[in-house]
Amino acid sequence: MNLSAEEAAHALAAVETSRRAMRDVVRSHRGHLQLWLWGVIWIAMAMSAQFRGLAGVRLMPWLSLGGMVLSFIIGLSQSSHVRGPIDRRFLAVLVAIVGFAGVWPLVLGWPADPHAMFAYTALVAMFCYVVAGIWFDVYLLWVGLIISALILVGLFFFPAIFWWWIAVFAGGSLIATGFYVRYAWR
């Protein structure tokens with residue numbers, strides 16, 4: 001089957017129209033809320049550790065659990081606007097990543113340093129963003145890579161202000177990306 005230049009241009013225009021329509025729906029109904037939520041949670045975790053020390057670090061799993069519940073609620077409330085089948089292979093990949101990542105601290109032991117412990121779990125989360133970016137949309141790939149780099153810079157070069165670094169550059173980046181997705185993403 002041979003397509004004429006005109007038919008190919010028409011098909012590409014249809015693909016672009018579909019892509020823009022999908023992004024408009026996602027921008028209006030899903031992506032930014034999740035980014036804002038997790039940006040705020042990361043800021044809350046970092047500030048909790050900064051001001052409460054180890055007691056604040058012990059709150060992190062609870063803040064994460066609350067974030068997961070709120071993420072699920074946001075997903076349910078927005079699912080009527082963005083309909084589509086759940087990609088079970090993608091969910092299986094995320095479960096495999098989290099499961100595999102959870103084994104290593106059990107085998108090797110948790111890092112004694114709360115900075116390293118947070119960095120490890122945050123880097124696993126950012127790897128999930130990278131995978132989502134490869135699977136769905138490239139902006140998630142870049143968010144995962146950039147925030148991963150910022151986490152490592154904070155961990156290795158700014159350990160004295162690590163929690164502030166995480167709050168501003170990691171949590172702030174998630175919030176800023178939420179604004180980008182909501183108001184500027186085309």
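What follows starts with the chain as a whole, then turns to its core and to one residue in it.

Keep in mind that this is a predicted model.

**The whole chain**
- The chain has 186 residues, and 35% of them are buried.
- If you take the contacts with a separation of 6 or more, 74% come from residues 24 or more positions apart.

**The nonpolar core**
- The largest nonpolar core holds 38 residues, and those touching the most other members include Trp 42, Phe 118, Ile 147 and Leu 174.
- At least two residues of this core come from each of H2 (31-52), H3 (54-78), H4 (88-108), H5 (114-135), H6 and H7 (162-183).
- Setting aside neighbours within four places in sequence, Trp 42 is in contact with Phe 118, Ile 147, Ile 151 and Leu 174, among others.

**A look at Leu 155**
- You'll find Leu 155 in helix H6, which covers residues 138-157.
- Leu 155 counts as buried because its relative accessible area is 18%, and the cut-off is under 20%.
- Beyond its neighbours within four places in sequence, Leu 155 is in contact with His 115, Ala 116, Ala 119 and Phe 162.
- Leu 155 and Phe 118 sit 37 residues apart in sequence, and their C-alpha atoms are 9.6 Å apart in space.

Definitions and conventions: Residues numbered from 1 in each chain as written. Predicted model: local features only at pLDDT ≥ 70, side-chain atom pairs only at ≥ 80, totals over all residues. Heavy atoms only, no water. Helix = DSSP H or I, 4+ residues; strand = E, 2+ residues; numbered from the N terminus. Buried < 20%, exposed > 50% of the residue type's maximum accessible area, 1.4 Å probe, protein only. Contact = heavy atoms within 4.5 Å. Core = buried A, V, L, I, M, F, W, Y, C linked by side-chain atoms within 4.5 Å.
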